Amino acid sequence: MEMNIPKKMLGMKLPGGAKVEAVEVDVPTPGYGQVLLKMKAASLCGSDLKYIYYEHTDKTGGARYDDVIAGHEPSGQIVALGEGVTNFKIGDKVCVYHIQGCGYCDECKKGYFINCQMPERRAYGWQRDGALGEYMVADVSTCILLPEFLTYEDGAMIACGFGTAYQGLLRAGVSGQDRVLVMGLGPVGQATIMIAKALGAETIGVDISEERMEMAKNVGADVVLKGNDNVVEEIMKLTDGKGVEVAIDCSGSSIGRHRCLEAARMWGNVVYLGEQGTVTFEPSPLLLHKNLTLHGSWVTSVGNMERLVELLDRKKIHPSKVITHRFPLRETDKAFEIFATGKTGKVCINHEME
Ligand SMILES: [Zn+2]
Ligand SMILES: [Zn+2]
């Protein structure tokens, strides 16, 4: 298959000050072990807002922005192969794990490129060119083939969003025996509900936003509760006074985290997925005397992402169900503006839109 690849392309950078800058750059050439992707979809992420869009807040760490083409949730079609690529062919539809690690440290060997501490670690859209361009070079070690059922929009949301949710559920060993409380119903909370259902669990979603409560119902939550002062009581009533087997915080709020501990039953598992903020709690009544296991969980591994792709395909789940707004690449500025209101579900750039 011959693909027509132009010399120049459009790309979007985030200079700070809530601006999106359109630039024209050369279409890159894939090197050894790399492929060139024609980008098809790129979803926006809360971390883009937090670390880059308003202000480049991280000068030295993993969230450092090196003035590259932005966007770390890529999905696209392979249009050119670099040297040494044998496991993919031109025309393949892939999603991309959003970080390339050094490849030789303990965490990289396990596939957790996210945890790589070496200076070679590069994240797409942070330290190397990302998804908000017409083309992107990707390392094949970060590419996963998408089955026919999953669309490019689905693919864009797998690594960072659905992968994070899946990893949290794996940490708690969620099965059909469990009732899973999901605290906070933003995109990751909704993903947690969809995957927990696929694993056979019952789900209870909690949020303070009516819009997000409605979205959680749409993706199949069994019960959705408003995050009022008496919400833990309501959860206790729903579980015969025992509490839930698994509570997953996707809110990142101190009150949400506290309520997860309160609502978990004896010997239960609590997972903290929501970023930032703090929490203060009394360990004796809330953790020790309940024999709880509290997990911190961050993103996922390439291997688990591959298992998740299989699961989504088998259970016929479209991650794109959590998208509420779509824009073409050239309207990336509008996409960020609406995403920054905090009232949307997932916002996605669809490169096939005009
Ligand atoms: Zn993300
Ligand atoms: Zn590494």
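This is a predicted model: local features need pLDDT of at least 70, side-chain atom pairs count only at pLDDT 80 or more; totals for chains, interfaces and linings use all residues.
Local features here need pLDDT of at least 70 and side-chain atom pairs count only at pLDDT 80 or more, while totals for chains, interfaces and linings use all residues. Residues are numbered from 1 along each chain as its sequence is written, chains are lettered from A and ligands numbered from 1 in the order in which they are written, and side-chain values use heavy atoms, with hydrogens and water left out.

**Stop 1: zinc ion (ligand 1)**

Select the zinc ion (ligand 1) with Cys45 (SG), His72 (NE2), Glu73 (OE) and Cys160 (SG), its protein donors at 2.1 to 2.3 Å. Donors are N, O and S atoms within 2.8 Å of the metal (3.2 Å for Na, K and Ca); water is not among the atoms, so sites may look incomplete. The four donor atoms make angles of 100 to 122°, and the site is tetrahedral (four donors with all angles between 85 and 135 degrees). Along the chain the donor residues are spaced C-x26-H-E-x86-C. Cys45 sits in the loop between β3 (34-43) and α1 (46-53), and His72 in the loop between α1 and β4 (74-81), so this pair ties together parts that are 27 residues apart in sequence. Helices (H or I, at least four residues) and strands (E, at least two) are DSSP runs, numbered from the N terminus.

**Stop 2: α1 and α11**

Axes are lines fitted to C-alpha atoms, for helices over the stretch in contact, and angles run from 0 to 180 degrees between N-to-C directions. Show Gly46, Asp48, Leu49 and Tyr53 of α1 against Phe336, Glu337 and Phe339 of α11, which make the contact (heavy atoms within 4.5 Å).

**Stop 3: α4 and α5**

Next, select helix α4 (residues 158-171) and helix α5 (residues 187-198), which pack at about 55° with axes 8 Å apart. They are therefore oblique to each other. In α4, Gly161, Phe162, Thr164, Ala165, Tyr166 and Leu169 meet Val188, Ala191, Thr192, Met194, Ile195 and Ala196 of α5.

**Stop 4: α7 and α8**

Move to helix α7 (residues 231-238) and helix α8 (residues 254-263), packed at an angle of about 30° with their axes 10 Å apart. That makes α7 roughly parallel to α8. Display Val231, Val232, Ile235 and Met236 of α7 with Arg259, Glu262 and Ala263 of α8 to see the contact.

**Stop 5: zinc ion (ligand 2)**

Finish at the zinc ion (ligand 2), coordinated by Cys102 (SG), Cys105 (SG), Cys108 (SG) and Cys116 (SG) at 2.3 to 2.4 Å. Angles of 105 to 117° between the four donor atoms make the arrangement tetrahedral. The donors follow the spacing C-x2-C-x2-C-x7-C.

Conventions
Angles under 35 degrees count as roughly parallel, over 145 as roughly antiparallel, 65 to 115 as roughly perpendicular and the rest as oblique. Four donors count as tetrahedral if all angles lie between 85 and 135 degrees; four count as square planar and six as octahedral if opposite donors are over 155 degrees apart and all others between 65 and 115; anything else is irregular.
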